[in-house]
Amino acid sequence: MEIFGIWIAALLTLCIYSFLYKDNLFYRFAEHLFVGMSVGYGIVLSVHQGFIPFAWEPFWAAVKPFWPGVPREAGWSGLWKLIPIGVGLLFFSGVSPRHTWLIRYPTAILIGFGAGLSIPNVLRANIFEQTRGTVEPFAAVHAGTLSGWGIFEAVLMVIGVICTLTYFFFSVEHRGPLKWISKVGIAFLMIGFGSAFGNTVMGRVALLIQRVDFLINDWIGSIF
């Protein structure tokens with residue numbers, strides 16, 4: 001079975017790489033197989049990790065005390081769980097053209113909660129932490145624990161931050177010193193974009209090397 005799995009993985013890899021020649025039946029087969037398995041896996045994962053623990057089990061826990069012959073120790077306290085379940089069920093109103101307007105309510109609640117949770121995190125990660133990271137090296141300089149290249153790197157980082165922010169400051173026309181500062185900011189931006197792109201290419205090349213190594217050593221090696 002291990003060798004069978006290696007052959008399946010190798011043939012599907014070659015089917016995907018066949019697109020380098022042109023679009024063909026083998027590539028479309030592997031593409032549709034990947035999409036279908038991904039969707040199927042996602043549905044099963046959503047059912048077992050989302051629907052069952054957060055909807056099915058809370059629903060039966062809420063209505064069970066009201067069954068005939070069951071002691072009602074919980075009373076009405078468990079019925080609040082039915083509110084989020086009912087709001088979630090409104091998403092299915094989109095299947096009915098007459099009641100599709102009901103989907104606005106769960107969508108608004110979802111967006112509202114998402115924005116309320118994400119905005120503080122984004123502010124903390126993209127503004128407060130970035131500001132702290134820019135200023136923190138100078139505290140080390142003041143304490144005497146940073147010197148030499150460390151001081152140069154701290155100063156260069158501050159210059160890059162100020163020049164880059166100046167480039168995106170459009171309230172004043174970029175003339176004179178402001179123009180040159182913004183040009184320095186463009187240089188820092190290009191260095192950052194180039195590093196990010198190079199890192200992305202390096203990651204993709206690493207994936208290619210891993211696949212070629214699999215084909216040569218594991219697949220062809222299993223033949224001989």
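**Notebook: a greasy patch and some ring pairs**

I looked up the nonpolar patch, and helix α6 gives the most to it, with five residues. Helices here are DSSP runs (H or I, at least four residues), numbered from the N terminus. This is a predicted model, where local features need pLDDT of at least 70, side-chain atom pairs count only at pLDDT 80 or more, and totals for chains, interfaces and linings use all residues. Residues are numbered from 1 along each chain as its sequence is written, and side-chain values use heavy atoms, leaving out hydrogens and water.

Next I noted the patch members: I3, W7, L11, L14, L208, V212, I216, I220, I223 and F224 make about 940 Å² of nonpolar surface. Patch residues have over 30% relative accessible area and no salt bridge, and nonpolar side chains (Val, Leu, Ile, Met, Phe, Trp, Tyr) are joined within 5 Å. α1 (2-17) and α6 (177-223) each supply at least two of the residues.

Then I turned to the rings. Rings of Phe, Tyr and Trp (its six-membered ring) pair if their centres lie within 6.5 Å, and planes over 60 degrees apart count as edge-to-face. The count comes to seven aromatic pairs. W101 and Y105 have ring centres 6.3 Å apart and planes at 75°, so I logged them as edge-to-face. Y167 and F168 are also edge-to-face, at 5.0 Å and 80°. Y167 is partly exposed at 28%, and F168 is partly exposed at 47%.

Terms used:
Rings of Phe, Tyr and Trp (its six-membered ring) pair if their centres lie within 6.5 Å; planes under 30 degrees apart count as stacked, over 60 as edge-to-face and the rest as tilted. Buried means under 20% relative accessible area, exposed over 50%, partly exposed in between (1.4 Å probe, protein chains only). Patches are made of residues with over 30% relative accessible area and no salt bridge: like charges are joined within 9 Å, nonpolar side chains (Val, Leu, Ile, Met, Phe, Trp, Tyr) within 5 Å. Accessible areas come from the Shrake-Rupley method with a 1.4 Å probe; for residues, only the protein chains shown count as cover. A salt bridge is a side-chain nitrogen of Lys or Arg within 4 Å of a carboxyl oxygen of Asp or Glu.
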